[in-house]
Amino acid sequence: MSAILAIRGLTTRFATPDGEVAAVSDVDLDLRAGETLGVVGESGSGKSQLFLSVLGLLARNGRATGSARLDGQELIGLAPESLRRVRGGRIAMIFQDPMTSLNPFLTVGRQLTEGPMLHRGLDERTARARAIAMLERVRIPDAARRLNQYPHEFSGGMRQRIMIAMALLPEPDVLIADEPTTALDVTVQAQILDLLRELRASMGIATVLITHDLGVVAGLCDRVTVMYAGRVVEEAPVEPLFGAPAHPYTRALLGALPRVDADGAHDLVAIPGQPPNLQRVIEGCAFAPRCAQADARCTATRPGLRAHGAGRAACLRLPS
């Protein structure tokens, strides 16, 4: 199946007073139509910055190079006006904190109707009717009345539902969900994930789920991309990756994951050490200082992704 979003050699650098930070380095990634791709890794691994680069939403000191093509249209370096037509229209993003993502001075209705009016050319009355229907679809009760309320009048879970509705109203081809359940309690998290699963099945939108939660990935995603220190270290379909992870970092992440099927025999193992300083040039494998299997080759030679089983991994110790 061809990729609706094809990323090639994407590199993102930030200029700081202490030197340049390599947040994302030479990433290749494909998102196929209708699939859900999980992107996982520790904080600072480059997950969010990768997709902020694609959308042209980097901080002022950031610069992205490489290629990101949406159905063949290049997004990196695209003129701001053209990129605005893509962003929020063909690609939508749900951010981590719905309270800071919603404008506190505008009603929910005003914020929900803006996208369909701008990207789909709808008049206000039609956009408002669709907004009410979408709020009902994401299980906001009494939607017509609540359209006139402000964000502070909603709970955290309802604000996240509003963000999902806002992202879906312009009928995007690609939805990027960046830690969509982080600020929510466990019960509301489960409700939001059920909602995303239901919407994916009914609307068929290609989805990227950026998360720390491997349990969420196992239940919601088709494929997984694992990032470490700004690079992709492994990618594979969900079942092979969870059943037989190839990269030591992926195995370490899974080893630190609590499991309910281990009948008390599963010991959680913390990953030793700290992620590398991305202001420094890393000659070999970035994970080598934390890897129990690393040898002299690992610190001297940077591994590239190569085929392994059902996916790909970047490790020099993979069997040939």
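This is a predicted model: local features need pLDDT of at least 70, side-chain atom pairs count only at pLDDT 80 or more; totals for chains, interfaces and linings use all residues.
## The eight-stranded sheet

Eight strands make up an open sheet of mixed pairing, and their order across it is β6-β7-β8-β3-β9-β10-β12-β11. At its edges lie β6 (91-94) and β11 (306-308), each of which pairs on one side only, and from one strand to the next the twist averages 25°.

Strand β9 is mostly covered, since six of its six residues are counted as buried under the cut-off of 20% relative accessible area. The side chains of R223, T225 and M227 point one way from β9, while V224, V226 and Y228 point the other way, and all of these residues are buried.

Strand β9 has a parallel neighbour in strand β3 (residues 36-40), to which it is joined by four bridges; within this pairing, the bridge partner of L37 in β9 is R223. With β10, by contrast, β9 pairs in the antiparallel sense over six bridges, and here R223 has P237 in β10 as its bridge partner. The hairpin of β9 and β10 has two residues between the strands, and in that hairpin A229 takes a positive phi near 55°.

A pair of aromatic rings is described by the distance of the centres and the angle of the planes. The model holds three aromatic pairs, and one of them is the tilted pair of Y228 and Y249, at 4.6 Å centre to centre with 55° between the planes. This pair links distant parts of the chain, with Y228 in strand β9 (residues 223-228) and Y249 in helix α11 (residues 248-255), 21 residues apart; both Y228 and Y249 are buried.

Y228 also forms an edge-to-face pair with F287, at 5.3 Å centre to centre and with 85° between the planes. Here too the pair links distant parts of the chain, as F287 lies in the loop between α11 and α12 (296-300), 59 residues apart from Y228 in strand β9. Y228 and F287 are both buried, and ring pairs link Y228, Y249 and F287 into a cluster.

## Helix α5

Helix α5 (residues 124-137) has 14 residues, which at 1.5 Å a residue should span 20 Å, and its end C-alpha atoms are 20 Å apart, so the two values agree. The buried residues of α5 are A127, A131, M134 and L135; seen down the axis of α5, these buried residues fall within an arc of 100°, and therefore they line one face of the helix. The buried residues of α5 pack against α4 (108-119), α6 (143-146) and α7.

## The four-stranded sheet

A further open sheet consists of four strands in the order β2-β1-β4-β5, with antiparallel pairing. The edge strands of this sheet are β2 (19-32) and β5 (73-74), each pairing on one side only. Strand β4 (residues 62-70) and β5 pair in the antiparallel sense over two bridges, and the bridge partner of L70 in β5 is Q73. Helix α1 (residues 47-55) packs on the sheet, where it touches β1 (3-16), β2 and β4, and the direction of helix α1 makes about 105° with that of β1.

Definitions and conventions: Residues are numbered from 1 along each chain as its sequence is written. Side-chain values use heavy atoms; hydrogens and water are left out. Two strands pair if DSSP finds at least two bridges between them. Axes are lines fitted to C-alpha atoms, for helices over the stretch in contact, and angles run from 0 to 180 degrees between N-to-C directions. Rings of Phe, Tyr and Trp (its six-membered ring) pair if their centres lie within 6.5 Å; planes under 30 degrees apart count as stacked, over 60 as edge-to-face and the rest as tilted. Buried means under 20% relative accessible area, exposed over 50%, partly exposed in between (1.4 Å probe, protein chains only). The expected span of a helix is 1.5 Å times one less than its number of residues. The arc is that of the directions from the helix axis to the C-beta atoms. Contact means heavy atoms within 4.5 Å.
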